[in-house]
Amino acid sequence: MLTSAFTGFATGLSLIVAIGAQNAYVLRQGLARDHVAVVVAICALSDAVLIAAGVGGVGALVALHPTVLTLLKFAGAAYLLWFGVRSLLAARHPSALGPVVLSGARSVVATTLALTFLNPHVYLDTVLMLGNIANQQGSQGRWWFAGGAALASVVWFCSIGYGAAASARWLVRPRTWQVLDVLIGITMIVIAVVLVTS
């Protein structure tokens, strides 16, 4: 069972470490020290729910209805495009060079949920791919695999969220935030274009 858990941890970590909109947002919130615990908790819990859904067989249902992923693709691309343009505009204006703090916990929660659930790659990675690999581990091993993959999400999001917050005192220069805003903006826009064209 521990082998299945370790395999799940390694597989989950290899999928989640890829630079994407969600990771960029967690990093930004960590650097801004803005609702880090909320963002980390939502991302980690969302992954755990999606992994459990994949192991429980929802992945097969999603595979039968590809229209759902198509709708998510365009909704996610629109949201990423908006977020990317917003980051680039923040980098242009000297008054917005500091960490952009959203209007409150509600906005942070909404943005985190949107970046998580409007991304079709989240469903492909967690529900379909991890679900399929988990189900190859046997009836008991699959849940150990799912637990390992969920633990990988917790470790990763805590690392980038709180790791960024811990290093924020070295990253307080306006130029750093300008570069970060540009990189995040470009990343979001590129991901949006890839989503629409894939």
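Hi everyone, let's start with one side chain: that of T116, which comes within 2.8 Å of the backbone oxygen of T112. Please keep in mind that this is a predicted model.

So where does T116 sit? You'll find T116 in helix 6, which covers residues 105-117. Is T116 buried or exposed? T116 is buried, because its relative accessibility is 0% and the cut-off for buried is under 20%. Setting aside residues up to four places away in sequence, T116 is in touch with Q22, C43, S46 and V122.

Now let's move on to the nonpolar cores. The largest one has 27 residues, and the members that touch the most others are V26, L80, F157 and M188.

Let me zoom in on F157 for a moment. Beyond its neighbours within four places in sequence, F157 contacts I16, Q22, N23, V26, V40, C43, A44, D47 and Y162.

Finally, a word on confidence. The protein chain has a mean pLDDT of 79, with 83% of its residues at 70 or more. Helix 3 has the highest confidence, at 92, while helix 4 (residues 58-64) has the lowest, with a mean of 63. Thanks, everyone!

How values were computed
Residues numbered from 1 in each chain as written. Predicted model: local features only at pLDDT ≥ 70, side-chain atom pairs only at ≥ 80, totals over all residues. Heavy atoms only, no water. Helix = DSSP H or I, 4+ residues; strand = E, 2+ residues; numbered from the N terminus. Buried < 20%, exposed > 50% of the residue type's maximum accessible area, 1.4 Å probe, protein only. Polar contact = N/O pair within 3.5 Å; in protein donor to acceptor, adjacent residues only side chain to side chain. Contact = heavy atoms within 4.5 Å. Core = buried A, V, L, I, M, F, W, Y, C linked by side-chain atoms within 4.5 Å. pLDDT = per-residue confidence, 0-100.
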